[in-house]
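Please read it alongside the sequence and the coordinates.

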Amino acid sequence: MAQRSDITHKYLRAKKKFPNVWCAGCGIGIVMGSLIRAIDKLELDRDNVTLVSGIGCSSRLPVYLDFNTLHTTHGRALAFATGVKLANPKMHVIVITGDGDALAIGGNHFIHSARRNMDITCILINNMIYGMTGGQFSPTTPTDSYASTAPYGNKEYPFDIPKLAEAAGATYVARGTVYHVTQLDQLIYDGIKKRGFSLIEAFSNCHTYFGRLNRLGDSVKMLEDMKRNALPLKAAAKMPPEKVQGKLLTGVFCDIEREEYCDRYDALIQSLQGK
Amino acid sequence: MAGNVRLIQGNEAVAEGAMIGGLRFFGGYPITPSTEIAEILARRLPKVGGKFIQMEDEIASVGAIIGASLAGSKSMTATSGPGFSLMVEGIGYAYMAEVPTVIVNVQRGGPSTGLPTKVSQSDTMQARWGTHGDYIAIALAPQSVRETIDLTVRAMNLAEVYRTPVTLLTDEVLGHMREKVTLPEEGELEVINRQKPDVPASWYKHFEITPNFKSPMASFGDGYRFHVTGLTHDEEGFPTNKSVEILAKLTKLRNKIMRYLDDICQIETDGMEDAHVAVYAYGIVARAARQAVQMARARRMKVGQIRPITIWPSHDKKYKEIFSSKNLEAVIVAELNQGQLVYEVQRLVPKHVEVVSLNRFDSELITPAQILNKIKEVR
């Protein structure tokens, strides 16, 4: 653990930006730790890492880290990231976003980024609610769950994030949780390493709003529920469908090879310039 | 020397100017009547190692060019009214985060989807006040195809020098009209690149408030590792709620443009020395105004012309001088809208000078005869 903290501290804007904005017990900090360990293990040159985020609790993450960091407008992180990456393909571009940011206001950019297959790693922290604005329902809030704008229960159906990303064309799609940290480290590591659009859903807890409004208990209780409810894809494959029903499937949903956008564009430049 | 003479349309001229100005990134979304700009740059940019990308909408387009500019590329997008409406979110961001960007608005008739293939100047005020919050916009407007080349380069230069979004306001007629143009010789037009920092990374502040309000700009990947946000921020780019820092930031954003009006603002005048009546018009309408003024002069009427080339910001002091011309009795403001720039003129003329609006918004151009008739009316 001490060694883990040492790694984390190397990458923090420790003197400038702390304390952070998150509630005590929030899962976003755990995702931040996983991201740092993945980057450290990959030995990326931090001058060549750009973190891009939109608006919301999860999108506050980049400001705490000592990389190139870009906090954009609501939903647009992937659009800004597309510009950074195409202008400088050497850059490792990692987008930090949330369920509202990526799938509601940014839904169009999300599917088109997956389709375009630029080498961008998108870490979508899904806590099933808008936290920063005070607990409104999001595109991943389960049907009949409560939110401040769903006082009688949510009438809508949620997105299945991995299915959406895979159908839109992402080359790497995975889901982890903030309880299963070792796995999350690995999924983010593999996602960054993948040359193409990667989507890692990091399932997280918002005990402050989602937990309170739905009587799910505190942070610890929600993490325990995550532990109980998560089911690795490989194990699920061997189980009868009725036992898989209602479980949170984790692991790698999709890992395919498709030529990356910037590589294709660079090849075009080379051929036009007769090289 | 004959030079490189070509017959090109205004939208081709934007692309020509962009290539001369050193454009290396274009992100756009198809919209009439601007689309040719994207089509030409899709062909030309990769040949020089530049990047073209067609985004999923205009919000994404402006986002992509901001990202690319932060990564070090001179960046541009082109659109028309409905697309410009979507882009104002990003324009506000680029202003707040001080990112050089150029947005071309080939104006068509509005409101809403309006008249995709017809001329208009009805986005004049949108170019000034489009995004939310207080801000100072820069917008330039050419009147000819050749001037479109020159002002595209100038828009890029101003964006780089002042680290701010710059709008180039053309229109459907100018965009699609073909004119004989002598292309600029190499080196004929000045091309300015952004100032880069020369300090060690630990000293660098991406949003430093300097005595001349200009702060050097590192790119992502240069080793400076700075933070950029649309939230009100301190000199290092970190969000702030301290009123002292808020005031300093917002004042800097204002001063870095308003202290340089003499450099930014171009106004052309003709015959104002003895003019009793002045015609004030920009862009394509200024062409008709010029002819009307010549016709009036031929009839021995003392008429002058004022043509704003820089539409925004307004150089109030200069305009007040022009409007104080000793014989001036009336200013005719001719616009292809229901009256927008006329408010600027009303604000700046001396009390005894009458301001007369000449508006057309039936999708046709204002003719020289219309302006001449108005001159006769007010005289």
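In strand S3 of chain A, A:Val95 is the residue that stands opposite A:Val52. Strands here are DSSP runs (E, at least two residues), helices are DSSP runs (H or I, at least four residues), and both are numbered from the N terminus. The model is predicted: local features need pLDDT of at least 70 and side-chain atom pairs count only at pLDDT 80 or more, whereas totals for chains, interfaces and linings use all residues. Residues are numbered from 1 along each chain as its sequence is written, and chains are lettered from A and ligands numbered from 1 in the order in which they are written.

**Strand S1 of chain A**

- The pair A:Val52 and A:Val95 belongs to a parallel pairing of S1(A) (residues 49–53) with S3(A) (residues 92–98) over 5 bridges; two strands count as paired if DSSP finds at least two bridges between them.
- S1(A) is also joined to S2(A) by 4 bridges, again in the parallel sense, and A:Thr50 stands opposite A:Asn68 there.
- All 5 of the 5 residues of S1(A) are buried, so the strand is largely enclosed by the rest of the structure. A residue is buried if 20 or more other C-beta atoms, placed from the backbone, lie within 10 Å of its own, exposed if 12 or fewer do, and partly exposed in between.
- Both faces of S1(A) are covered, with A:Val49, A:Leu51 and A:Ser53 on one side and A:Thr50 and A:Val52 on the other.

**A sheet that spans both chains**

- S1(A) is part of an open, mixed sheet of 9 strands in the order S9(A)-S10(A)-S7(A)-S8(A)-S4(A)-S3(A)-S1(A)-S2(A)-S10(B).
- The edge strands are S9(A) (230–232) and S10(B), each of which pairs on one side only.
- Neighbouring strands of this sheet are turned by 20° against each other on average, direction ignored; axes are lines fitted to C-alpha atoms, for helices over the stretch in contact, and angles between N-to-C directions run from 0 to 180 degrees.
- The link between the chains consists of 3 bridges joining S2(A) to S10(B) (residues 227–229), which run parallel; A:His71 has B:Thr229 as its bridge partner.
- S7(A) (residues 172–177) and S10(A) (residues 248–255) are antiparallel over 4 bridges, with A:Ala174 opposite A:Val252.
- Helix H7 (residues 161–168) of chain A lies across S4, S7, S8 and S10 of chain A and runs at about 165° to S7(A).

**Contact between chains A and B**

- Each chain brings residues to the contact: 34 from chain A and 34 from chain B. Residues are in contact if their C-beta atoms, placed from the backbone, lie within 7 Å.
- On the side of chain A, H2 (14–17), S2 (68–71), H4, H6 (107–116) and H13 (261–272) each give two or more residues, and H4(A) gives the most, with 8 residues.
- By class, this side divides into 14 nonpolar, 14 polar and 6 charged residues. Ala, Val, Leu, Ile, Met, Phe, Trp, Tyr, Cys and Pro count as nonpolar, Asp, Glu, Lys and Arg as charged, and the others, Gly among them, as polar.
- H4(A) (residues 77–87) has 11 of its 11 residues buried, so this helix is largely enclosed by the rest of the structure; among them are A:Phe80, A:Lys85 and A:Leu86.

**Chain A as a whole**

- Chain A contains 13 helices and 10 strands, and 50% of its 275 residues count as buried.
- Its C-alpha trace spans about 65 × 45 × 35 Å along the principal axes.

- Chain B is divided into domain 1 (4–183) and domain 2 (266–378), with bounds from an automatic or database domain assignment.
- The centres of the two domains, taken over C-alpha atoms, are 26 Å apart, and 23 residues of domain 1 are in contact with 20 residues of domain 2.
- On the side of domain 1 that touches domain 2, H5(B) gives the most, with 4 residues.
- An open sheet of 5 strands in chain B has the order S11-S13-S12-S15-S16, with mixed pairing; S11 (267–270) and S16 (354–359) are its edge strands.
- S15(B) (residues 330–335) and S16(B) are parallel over 6 bridges, and B:Val333 stands opposite B:Ser357.
- Helix H12 (residues 341–348) of chain B packs on this sheet, touching S12, S15 and S16, and makes about 165° with the direction of S15(B).

Note on methods:
Contact = placed C-beta atoms within 7 Å.
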